[in-house]
Amino acid sequence: MDTTVQNILVIGSGAMGRQIGMAAAVAGFSTTVRDVDSDAVAAAEADMRRWIDGRVTKARLTAEQAADAWERIAFTTDLAGPASTADLVIEAATERLEIKRAIFAELDSLAPAHAILATNSSTLGSSTVADATGRPDQVCNMHFFNPALVMRAVEIVRNDQTSSETVDTVTEVARAMGKAPVLLNQEIPGFIANRLMGAVRDEALALLADGVSSLEDIDTAAKDALGHPMGPFELMDLVGLDVSYLIRQATYEQTGDPQDLPHPLLAEKFEAGDFGRKSGRGWYDYE
């Protein structure tokens, strides 16, 4: 474990935040997952308890390892306490810039001077929040993928002011968590993975819209011809069509290129509230 980071604070207890926190705790870091919503905190704690018990049942962790990991993680609505001892803060809050900027400004006043402040944002470069702090050289993206307990890649994106020391530290933390860090030396909308995934998704949507093939057969081609573990429509349903829509909208807001707008078929699903697995219906019906 990177000895420069002992205590990790995760802001946000949603699906990403809770899993990032648990991954850190299993890796040996003292971890706190914090959310403003007490119900969300309770739900995150219960979900992660089920997960860690399941790992023991499947013999992926020993009972002792699970107990040790559980001792290292806390779920709370308190911010000042865990922020005051944090060496690394990973923000995994709602993908809204004004919310993130307010969080980073507050963290800057609460966290120790040496603490690194990272954002898990998949669309917003850390330069958009760095100037809300007095430590822009200690701010970067540390973008995990869903589900964070399973997916190994972590995109580490530096802004123009991010120091090499900051990059080195978060890279070592990612490796200590069993992740495969991917370094981006400059900010670019969508980073790497989402740009690659977006190209496949956009072509799949175009093929469907033009009536070339069914979504089921497009998914089959991706899996059985290209070796993808999931087809593009299955993947959108898993990630959440709302997430896919908002990523495209955020990219458009950064570039102003109409080609970056959400595809009309995706917008139709978003407006209907068909978000995929989470809502019971997306491209496929899960009800």
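This is a predicted model: local features need pLDDT of at least 70, side-chain atom pairs count only at pLDDT 80 or more; totals for chains, interfaces and linings use all residues.
Reader: How many helices and strands does the protein chain have?

Author: The protein chain has 12 helices and 8 strands. Its radius of gyration is 19 Å, close to the 19 Å from the globule rule for 287 residues, so the chain is as compact as a globular protein of that length. Of these 287 residues, 46% count as buried.

Reader: By what is a pair of aromatic rings described?

Author: By the distance of the centres and the angle of the planes. In the whole structure, a search finds 4 aromatic pairs. One of them joins Phe233 and Trp283, with 5.1 Å centre to centre and 80 degrees between the planes. Planes over 60 degrees apart count as edge-to-face, so this pair is edge-to-face.

Reader: Where in the chain do Phe233 and Trp283 sit?

Author: Phe233 is in helix 10 and Trp283 in the segment after helix 12, 50 residues apart. Phe233 is buried, at a relative accessible area of 0%. Trp283 is buried too, at 10%.

Reader: Why is the pair of Tyr245 and Phe270 stacked?

Author: The ring centres of Tyr245 and Phe270 lie 3.9 Å apart and the planes are at 5 degrees, so the pair counts as stacked. Tyr245 belongs to helix 11 and Phe270 to helix 12, and 25 residues separate them.

Reader: Is Tyr245 buried or exposed?

Author: Tyr245 is buried, with a relative accessible area of 15%. Phe270 counts as partly exposed, at 23%. Together with Phe275, Tyr245 and Phe270 form one aromatic cluster.

Technical notes
Residues are numbered from 1 along each chain as its sequence is written. Side-chain values use heavy atoms; hydrogens and water are left out. Helices (H or I, at least four residues) and strands (E, at least two) are DSSP runs, numbered from the N terminus. The radius of gyration is taken over C-alpha atoms; the globule rule is 2.2 Å times the number of residues to the power 0.38. Buried means under 20% relative accessible area, exposed over 50%, partly exposed in between (1.4 Å probe, protein chains only). Rings of Phe, Tyr and Trp (its six-membered ring) pair if their centres lie within 6.5 Å; planes under 30 degrees apart count as stacked, over 60 as edge-to-face and the rest as tilted.
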